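Colleague: I have a model open and would like to learn how to read it. Can you take me through it feature by feature?

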Amino acid sequence: MAGGCCGGCEASPPLKDQAWRLVLWIALAVNLGMFVVEVTAGVSARSAALRADALDFLGDAANYAISLGVAGLALRWRARAALLKGASLLALGTWVLGSTAWMAVSGTLPAPETMGVIGVLALAANLLCALLLWSHRGGDANRNSVWICSRNDAIGNVAVVAAALGVFGTGTAWPDLLVAVVLAGLGVSGGWQIVARARREMVAEPVRVDGRDGREMGAHRGH
């Protein structure tokens, strides 16, 4: 695997790269479509959880587009793309926390029926993407980050459906707000995992020094 070769391995076989690109294109189309559906439903249903999940779909679509752009490039560039994706997850988690706090103060009550229907549809979409990406989850940080995003989204969709049942049963917005916090936590946790692995791969990647292959030795740069 590329992640275990520190950039010294040959590029992935052409057939494997073609399969990876096809999976990414399918996932990109699914996520863009679900973003439009879920953000519209989130606004109409006044649901913080649906809005957070919609932004996840948009972020994943951007992540898949980045992955398509760096597929076949050197490990260092793939690790940089993963670093960017990890940072975006951290930023998204922070935004969701702030948005959830605002909705808690405003006392908005979401529509549980819309939450439930869209939550099930989003779960089906993310399960499809997760199944397609399953065989690619063990690659470098960039490929692994795509798997983490899809896994987190599927877990989040189950929570959205549970929140819809909670809102319906209690007549309060707290289940919706709690799920939004869970989604934010998943985003922050996944972001840290991606950033940590990407940084390790960037350090391990061999670079060319005076025409020869060598490793960056930060401790020796001052000599």
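What follows is a short walk from the overall fold to one helix and then to the cavities.

Modeller: Keep in mind that this is a predicted model.

Colleague: How many helices and strands does the protein chain have?

Modeller: Count seven helices and two strands. Reading from the N terminus, the order is α-α-α-α-α-α-α-β-β.

Colleague: What share of the 223 residues in the protein chain is buried?

Modeller: Buried residues account for 46%. The protein chain exposes about 11000 Å², and carbon and sulfur atoms supply 69% of that area. Now look at contacts between residues at least 6 apart in sequence: 82% of them join residues at least 24 apart.

Colleague: Which residues of α5 are buried?

Modeller: Among them are Met115, Ile118, Ala122, Asn126, Cys129 and Leu133.

Colleague: How do I look for empty space?

Modeller: Rolling a probe the size of a water molecule over the atoms shows where empty space is left. Here the count is three cavities of 30 Å³ or more. The largest cavity holds about 70 Å³ of space.

Colleague: Which residues line the largest cavity?

Modeller: The lining consists of Asp56, Asp60, Leu89, Cys149, Asn152, Asp153, Leu183, Leu186 and Gly187. By class, four are nonpolar, two polar and three charged. Helices α3, α6 and α7 each supply at least two of the lining residues.

Definitions and conventions
Residues are numbered from 1 along each chain as its sequence is written. This is a predicted model: local features need pLDDT of at least 70, side-chain atom pairs count only at pLDDT 80 or more; totals for chains, interfaces and linings use all residues. Side-chain values use heavy atoms; hydrogens and water are left out. Helices (H or I, at least four residues) and strands (E, at least two) are DSSP runs, numbered from the N terminus. Buried means under 20% relative accessible area, exposed over 50%, partly exposed in between (1.4 Å probe, protein chains only). Contact means heavy atoms within 4.5 Å. Accessible areas come from the Shrake-Rupley method with a 1.4 Å probe; for residues, only the protein chains shown count as cover. On a 1 Å grid over the protein atoms alone, a cavity is a set of points where a 1.4 Å probe fits but cannot get out, and a pocket is an open set with protein on both sides within 12 Å along at least five of seven lines; lining residues have an atom within 4 Å of a point. Grid points are joined across faces, edges and corners, and a volume is the space filled by probe spheres set on the points. Ala, Val, Leu, Ile, Met, Phe, Trp, Tyr, Cys and Pro count as nonpolar, Asp, Glu, Lys and Arg as charged, and the others, Gly among them, as polar.
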